[in-house]
Amino acid sequence: MRETLRHAPSRFARVASVAPVERFTEAIFIGCGSSYHIALYAAHVWGVRLGIRARALPASEILNFPKAHLHAGARPLVIAISRSGGTDETVLAAEKVKAIIEAPVIGLTTDPESPLGRVADVHLPFSECREQSVVTTGSLTCMMLGLWLLADAYGGGRSQADAATVIHDVARSLRENERTVRAYAEDRALTRFIFLGSGPFYALAAEAALKAIEMALTPAHYYPTLEFRHGPHLLLSPEALVVLFPAEAEHPYVHRVIEEARAVEARVLVIGARAMETSAPQLILGDRVDELLRPVLFAHLIQQLAFWRAAAVGVNPDAPPRLTRVVRWNE
Ligand code: F1P
């Protein structure tokens with residue numbers, strides 16, 4: 001993460017050379033799997049920080065339904081995200097964008113030699129967070145931070161100190177909070193995980209569910225926090241663990257979600273930056289960090305939860321059946 005912070009100015013200069021701020025009116029982030037979740041996170045951050053329309057799409061949406069998303073008159077900046085830079089859908093979607101509209105395409109990968117890098121107008125290889133694992137973990141955090149830093153740079157670069165704080169807080173949390181997370185992971189009475197998050201935390205909830213499934217083959221669901229009360233809460237039972245990432249704006253409402261879960265004896269863990277008035281267990285961290293950056297801080301907790309769950313149920317967290325490191329159609 002320190003390297004990502006160090007590279008931020010030169011990466012921004014390269015992106016701004018093809019996409020100066022006055023040239024685009026919207027940002028479209030695309031990717032698959034964890035990279036799509038990074039896209040969801042980035043879209044929220046860029047929308048809030050830059051006051052532009054920003055959206056995330058699975059790469060396959062652009063590939064198969066381009067007319068719904070790419071319009072001739074629009075001036076988008078397209079950021080295609082892929083850890084490997086080799087996922088077929090993402091590479092083909094980037095090619096499709098270039099064939100249909102005049103928009104700069106930025107390829108964000110961790111591999112300097114990747115196919116996506118060759119298609120993109122500007123390739124940003126985050127070589128510092130290259131990882132060999134099948135499942136995406138550390139590189140997710142690093143690319144999320146990188147996209148936050150790009151938004152910050154477009155906005156005038158006033159929040160760099162926050163990024164340094166996050167790096168410090170992740171190191172501290174890795175030392176202090178693993179035991180708590182591990183205890184939930186190892187509780188075999190809990191057979192279903194439900195992750196709730198909104199705004200900047202929705203992407204984190206989605207990624208948390210994917211990690212539980214990929215690494216530990218544990219059934220997992222995710223919802224925007226208050227949407228959960230519109231039906232999905234019927235899934236609650238004493239075998240369910242609800243992990244809730246409350247956004248500041250939700251504090252007046254979110255206690256209802258917690259109460260309803262506890263009323264049916266579901267277990268609840270709240271992960272947030274300031275304590276809420278609830279008897280549910282809470283992990284409090286990140287109070288010195290801008291809310292938009294907190295998902296970057298919290299990401300290791302959901303990865304540890306999946307890791308220790310895998311260990312508890314006897315599954316190899318980096319050998320998911322039927323999942324390959326790079327998803328291609330002809331392999
Ligand atoms: C996309 C992805 C990963 C996942 C696994 C399969 O890869 O879905 O998120 O962890 O490796 O592929 P990429 O486009 O980010 O390389």
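His69 is buried, with a relative accessible area of 12%. The cut-off for a buried residue is under 20%. The structure described here is a predicted model. His69 belongs to helix 4, which covers residues 66-69. Leaving aside residues up to four places away in sequence, His69 touches Ile28, Arg55, Leu57, Glu61 and Ile62.

Is His255 buried or partly exposed? His255 has a relative accessible area of 31%, and is therefore classed as partly exposed. This residue is part of helix 11, residues 254-263. Between the C-alpha atoms of His255 and Gln282 there are 13 Å, and the two residues are 27 apart along the chain.

Five strands form an open sheet in the order 2-1-3-4-5, and the pairing is parallel. Strand 2 (53-58) and strand 5 (122-125) are at the edges; each has a single partner strand, so one side of each has no neighbour in the sheet. From one strand to the next, the twist averages 20 degrees.

Strand 4 and strand 5 run parallel and are joined by four bridges. Within this pairing, Ile106 is opposite Val122 of strand 5.

## Helices lying across this sheet

Which strands does helix 1 lie across? Helix 1, residues 2-18, lies across strand 4 and strand 5, and its direction is at about 165 degrees to strand 5. Helix 2, residues 34-50, lies across strand 1, strand 2 and strand 3. The angle between helix 2 and strand 2 is about 170 degrees.

## Helix 5 and its cover

Helix 5 spans residues 88-100, 13 residues in total. From its first C-alpha to its last, helix 5 reaches 18 Å, close to the 18 Å expected at 1.5 Å a residue.

The buried residues of helix 5 are Asp88, Glu89, Thr90, Val91, Ala93, Ala94 and Val97. What covers these buried residues? The cover includes three strands of the sheet described above, namely strand 1 (26-31), strand 3 (76-81) and strand 4 (105-109). It also includes helix 3 (59-64) and helix 6 (115-119).

## Strand 8 and its two partners

How many of the six residues of strand 8 are buried? Six of the six residues in strand 8 (residues 240-245) are buried, so the strand is largely enclosed by the rest of the structure. Both faces are covered: one side carries the buried residues Ala240, Val242 and Leu244, while Leu241, Val243 and Phe245 are buried on the other.

Strand 8 pairs with strand 6 (residues 192-197) in the parallel sense over six bridges. In this pairing, Leu196 has Leu244 as its bridge partner, and Phe195 has Val243. Strand 8 also pairs in the parallel sense with strand 9 (residues 267-272), over four bridges. Val243 stands opposite Leu269 of strand 9, and Val243 is also the bridge partner of Phe195.

## Helix 7 against helix 12

Two packed helices are described by the angle between their axes and the distance between the axes. The axes of helix 7 (residues 138-154) and helix 12 (residues 294-313) come within 9 Å, crossing at roughly 170 degrees. Helix 7 is therefore roughly antiparallel to helix 12. An angle over 145 degrees counts as roughly antiparallel.

On the helix 7 side, Gly138, Leu140, Thr141, Met144 and Leu145 make the contact. Helix 12 contributes Pro295, Val296, Ala299 and Gln303. Sorted by class, the contact has six nonpolar residues, three polar residues and no charged residues.

Terms used
Residues numbered from 1 in each chain as written. Predicted model: local features only at pLDDT ≥ 70, side-chain atom pairs only at ≥ 80, totals over all residues. Heavy atoms only, no water. Helix = DSSP H or I, 4+ residues; strand = E, 2+ residues; numbered from the N terminus. Expected span 1.5 Å × (residues − 1). Buried < 20%, exposed > 50% of the residue type's maximum accessible area, 1.4 Å probe, protein only. Contact = heavy atoms within 4.5 Å. Pairing = 2+ DSSP bridges. Axes fitted to C-alpha atoms, helices over the stretch in contact; angles between N-to-C directions. Parallel < 35°, antiparallel > 145°, perpendicular 65-115°, else oblique. Nonpolar A, V, L, I, M, F, W, Y, C, P; charged D, E, K, R; others polar.
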